[in-house]
Amino acid sequence: MENQRNIILAVVLTALVLFGWEAGVGYFYPQAKTPTQIVESGGAKNASSPTKPTREGGLMDAADRTLEATDLKTELAAPGRVKISAPGLSGSINLTGAIVDDLVINRHRETVEKNSGPVRIFSPAGTPAQQFAQVGWLGEGGVAAPTASTVWTAPANATLTPTTPVTLTWANPTGQRFAITYSIDQNYMITAQQTVENAGGGAVSVKPFALVNRTEKTASLDTWNVHSGPIGAFDGSVTFGTNYKDVAEAGTVNEAGRTDWIGFTDIYWMSALIPAGAKAESTFRSLGNQIFRADVVYDQAVIQPRTRQSVTTKIFAGAKEHKVLDAYEAQGIANFGLAIDWGWFRWFEKPIFWLLTKLFSLVGNFGVAIILLTLIVRGMMFPVAQRQFASMAAMRAIQPKMKAIQERYKDDKQKQQQEIMALYKQEKVNPLAGCLPMFLQIPVFFALYKTLILAIEMRHQPFVLWIKDLSAPDPLHILNLFGLLPFDPPSFLAIGLLALLLGATMYLQFQLNPAQMDPAQQQVFKLMPWFMMFVMAPFASGLLVYWITSNILTIAQQKFLYSRHPQLKAQAEKDAADKARAAARTK
């Protein structure tokens, strides 16, 4: 009766997991939902709860996407722009305000489709996906400083390239000449040098500033293990603790310490301000309507007549490629490589990532690189596997004695456990030794998991056939015949071929393990592969490729080691015969 209750409880818990899984998957791997609706109530317009962001980020509302395309066409067709053309970035600078508000990332596409176009990171103010950078001055003591509506002057036919900086100029009526010299490198860094020249009759005071402005509408998903939102390094320490909600509730968030850099990050993209060689105060601000700003304000500068002063701010706007970030860090930007949220275990994750990228450079297919990584990991753990099987052999050998103890003390569970522990000690058997290889795989699995969801180098990497992006879930589902039937299964039933292979290989692997003494435990082990199939289905395809390969290698190892330990095979055959006889008696 006790065993039956345990089995019923296991089935009920499994059903709860299956039917409650959709909510969990919807949180960690949300899909685009119905666009935000505007509902009129009492004469006021109130927006319903915003659409939940995805790992990729970007506009989720179909109406916003349509409006964005229209607004961009209008804004970018207007005159008064300086073209940007570099290997990493393309776009333009708006001469009204000297604002960098038009940037696309040349090395990365919007989707897996080859004609989807480059990823857009900056859009002009007022567009649904607005994000831009601006530098300027705050005038002190009545000095007329340029504003966001100031129209700057650029050299004729100027184009900002890595070899041709562009200087924008503007002068006020009292003799102060302002200049911004923009330069750009081969990757994602724009440098803005702000200069004030005082040709007036008296000293003037100004405060240089720089800012990044963006909407939360395009933010990627912020989760417990991957940060998306406000980010910065202060006194050399990178902070991931502030999110958009914190800034919205507080209005203004001042980060303590010297500002090394500050900005906003998505999982794959980042915009940040880096003060170059000057002290600056930094702040995150909420401007309302899902608009946020990160700014740096430099100390007040007093410019005497016939002198000039300059301050330099670097503006990063691009993809979080680890080599690029590490190179900028090597040039003096404190902990810039940690803008990728590796977490506490980066000491282990980064070597796994390094090995994966090396294997990928050798074979040219990231899925094959994952398989090769699995072979290397399993090869390194083969000695441990041998010890595991030796322990399994010993466990099988003492199973008759364990059964006798269980029968003898079936009414005294405490005494039964004491006698079993004494048996382990007498026979020098460690029942946990067989779990060691699985525990050793956990950090590898977690490191690969973090690598697949963080590293942009893995984004949109194909494997074979229908697997076009190993960093995304399996796109085809069995229940709709791989897209042939016109419906999308609910997420808890969105089982792809990879998930099915995972469940099948895990089932075969468990079949080779020693039979559990407790019938309830046997039922749990029978359900576990199929439970894991549902759990893992929405995870990145690359993780499933890793686990399936690991299961296949484990099965091969078990077959090989069975040949080295004949007593294991003999005991397995005996267990199977005992099970058959027990089943026959119950009929």
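1. Let's start with L508, which sits in helix 11. Helices here are DSSP runs of H or I with at least four residues, strands are DSSP runs of E with at least two, and both are numbered from the N terminus. L508 counts as partly exposed, at 48% relative accessibility; buried means under 20% relative accessible area, exposed over 50%, and partly exposed in between, using a 1.4 Å probe and protein chains only. Together with L500, Y507 and W530, L508 makes a nonpolar surface patch of about 340 Å². Helix 11 gives the largest share of the patch, three residues. To belong to a patch, a residue needs over 30% relative accessible area and no salt bridge; nonpolar side chains (Val, Leu, Ile, Met, Phe, Trp, Tyr) are then joined within 5 Å, and like charges within 9 Å. The areas come from the Shrake-Rupley method with a 1.4 Å probe, and for residues only the protein chains shown count as cover.

2. **What you are looking at.** This is a predicted model, so local features need pLDDT of at least 70 and side-chain atom pairs count only at pLDDT 80 or more, while totals for chains, interfaces and linings use all residues. Residues are numbered from 1 along each chain as its sequence is written, and side-chain values use heavy atoms, with hydrogens and water left out.

3. In soluble globular proteins, nonpolar side chains tend to be buried together. Here the largest nonpolar core has 118 residues, and L103, L168, Y182, W261, F316 and F336 have the most contacts inside it. Helix 10 (residues 436-454) supplies the largest share of this core, seven residues. Another core, of nine residues, lies apart from that one and includes I398, I405, Y409 and V429. By "nonpolar core" I mean a set of buried Ala, Val, Leu, Ile, Met, Phe, Trp, Tyr and Cys residues joined through side-chain atoms within 4.5 Å.

4. Two strands pair if DSSP finds at least two bridges between them.

5. **Strand 13 and its partners.** Strand 13 (residues 229-234) is mostly covered, with six of its six residues buried. Strand 13 pairs with strand 14 in the antiparallel sense over three bridges, and with strand 16 (residues 259-265), also antiparallel, over six bridges. F234 has S237 as its bridge partner in strand 14 and stands opposite T259 in strand 16. A233 stands opposite V238 in strand 14. The hairpin of strand 13 and strand 14 has two residues between the strands, and D235 there takes a positive phi near 55 degrees.

6. **Charged pairs.** A search of the whole structure turns up 12 salt bridges, meaning a side-chain nitrogen of Lys or Arg within 4 Å of a carboxyl oxygen of Asp or Glu. One of them joins D64 and K217 (3.4 Å, N to O). That pair links distant parts of the chain, 153 residues apart: D64 is in helix 2 (residues 62-77), and K217 is in the loop between strand 12 (204-215) and strand 13. Buried or partly exposed, which is D64? D64 is buried, with a relative accessible area of 16%, whereas K217 is partly exposed at 33%. D260 also meets R258 in a salt bridge (2.8 Å, N to O).

7. Q290 is not a glycine, yet its phi is positive, near 65 degrees. Q290 sits in the loop between strand 18 (280-288) and strand 19 (291-298) and is partly exposed, at 28%. H460, also not a glycine, has a positive phi of about 65 degrees. H460 is in the loop between helix 10 and helix 11 (497-511) and is buried, at 13%.
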